[in-house]
Amino acid sequence: MTDKILPTYARTNITFDHGDGCELVATNGDRYLDFGAGIAVNSLGHGHPLLVEAIQNQAARLMHVSNLYKIDGQERLAERLCEHTFADKVFFANSGAEANECAVKMARKYQSSKNKPECYRIITFAGGFHGRTLAMIAAGGQAKHLEGFGPKVDGFDQVPLGDVEALRDVISEETAALMIEPIQGEGGINSTDVEFLKELRSLCEKHDLVLIFDEVQTGVGRTGALYSYQQYGVEPDILTTAKGLGGGFPVGACLAKDEVARAMIAGSHGSTFGGNPLAMAAANAVLDVVLEPGFLEEIREKGLILKQKLASVTDQFPEVFDMVRGEGLLLGLHAKVPPQDVVAACFDEKLLCVPAGDNVVRILPPLIATAKEFDQAITALERAASRLSKEIGKTTS
């Protein structure tokens, strides 16, 4: 590997040549079942004909014009996202971190517009991950992300996930918003109790706070609903989305209710590339598939099947795994060994998966994955777990 790239990633020494559905094909011809999906990005797998056609057609017509002009694809996507969610307004960005930056700015601007400029602090929850900009590593609050980057950006308070009393104690006259992932992805596929989400909504009403759901990883069908909040009956005021939205093309969005969004006026926020025609063509193509009748129901059914199969692996190898977490096709195996060891063992079996916090291995297949591919993945996982189990036996004997 070249030493000319900033070494911010622990890369596996492999290069993929192309993708084919749920598989990635390496330059040496080896085929890998991709159950990491580019960390929940490749929602339609690799080379999906509708997505490819949409991008190719748009690239041939127009890639970029800037947000100084009307963009038809942007207007269509905004209309569709609002039609299928709580939202009235949409801002388009390039990533989840950018969408979250917009959400934080919008919450502060909303409070300022109500003559409460002192309300700028955002409460987040331990284990959360909201991106890697300076503000978002402060929002996440994890020491490993903050170390060495100077003073933590002010304005973020953290409380333990699910701790209502701690949350009530932290809310102050300076609080602007609460920000939470309904299911923590990077933090280890930690689901949030629905009653806790309802309590957040109630506290926001009581204190006039903005409720922000970070659905960057849980959105666009990943949990079996277009956005996971729709399964809980708790509406946010702002929602952020990215990852699966473009199916592999970089695009993020910040969705908001009118009341909160109206403080954002011309000049208050912007993005050079956000919402450009190519990104909008990709995202509209993804929605064409995800919003097909029955598609989301199918994901819920697939999720139950895969979760059961993963549970059978934990039963077979209790010395390696002890729990399955998550919903839909956002699943995690809690490991008793370092998750990187599991990911490496799966890689040797030609199965790609992704490590997460709290000793969890994320299983994130493309939403189009079939029952046959689930069986293929489970067989590879069993072989990997068997080898790890034998290694544990040697260590303890």
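Colleague: How many helices and strands does the secondary structure of this chain come to?
Modeller: In this predicted model, the chain comes to 13 helices and 17 strands, where a DSSP run counts as a helix from at least four residues and as a strand from at least two.

Colleague: What makes the chain as compact as a globular protein of that length?
Modeller: The globule rule gives 21 Å for 397 residues, and the radius of gyration of the chain is 21 Å, close to that value, so the chain is as compact as a globular protein of that length. Along the principal axes, its C-alpha atoms fill a box of roughly 65 × 55 × 45 Å.

Colleague: Why are β4 and β6 said to stand at the edges of their sheet?
Modeller: That open sheet has seven strands in the order β4-β12-β11-β10-β7-β5-β6, with mixed pairing. β4 and β6 (156-159) each have a single partner strand, so one side of each is left without a neighbour in the sheet. From one strand to the next, the twist averages 20°.

Colleague: How do you know that β10 and β11 count as a pair?
Modeller: Two strands pair if there are at least two bridges between them, and β10 (residues 210-214) and β11 (residues 238-241) have three bridges, in the parallel sense, so they count as a pair. Aspartate 214, for instance, has threonine 240 of β11 as its bridge partner.

Colleague: What does α4 touch when it packs on the sheet?
Modeller: α4 touches β4, β5 (121-125), β6, β7 (175-180), β10, β11 and β12, and its direction makes about 165° with that of β11.

Colleague: Which strands are at the edges of the four-stranded open sheet?
Modeller: The order there is β13-β14-β17-β16, with antiparallel pairing. The edge strands are β13 (321-327) and β16 (354-356), each of which pairs on one side only, and the twist averages 30° from one strand to the next. β16 joins β17 (residues 360-363) over three antiparallel bridges, and valine 354 has arginine 362 of β17 as its bridge partner.

Colleague: Which elements give two or more residues to the lining of the second largest pocket, and where do its closest residues lie?
Modeller: About 560 Å³ of space lies in that pocket. Of its 22 lining residues, Val90, Phe91, Met264, Ile265 and His269 are the closest to its centre. Two or more lining residues come from each of β4 (89-93), α4 (96-113) and β12 (252-256), and β4 gives the most, with four residues.

Colleague: How does the lining divide into nonpolar, polar and charged residues?
Modeller: The lining of the second largest pocket has twelve nonpolar residues, nine polar ones and one charged.

Note on methods: Residues are numbered from 1 along each chain as its sequence is written. This is a predicted model: local features need pLDDT of at least 70, side-chain atom pairs count only at pLDDT 80 or more; totals for chains, interfaces and linings use all residues. Side-chain values use heavy atoms; hydrogens and water are left out. On a 1 Å grid over the protein atoms alone, a cavity is a set of points where a 1.4 Å probe fits but cannot get out, and a pocket is an open set with protein on both sides within 12 Å along at least five of seven lines; lining residues have an atom within 4 Å of a point. Grid points are joined across faces, edges and corners, and a volume is the space filled by probe spheres set on the points. Ala, Val, Leu, Ile, Met, Phe, Trp, Tyr, Cys and Pro count as nonpolar, Asp, Glu, Lys and Arg as charged, and the others, Gly among them, as polar. Axes are lines fitted to C-alpha atoms, for helices over the stretch in contact, and angles run from 0 to 180 degrees between N-to-C directions. Contact means heavy atoms within 4.5 Å. The radius of gyration is taken over C-alpha atoms; the globule rule is 2.2 Å times the number of residues to the power 0.38.
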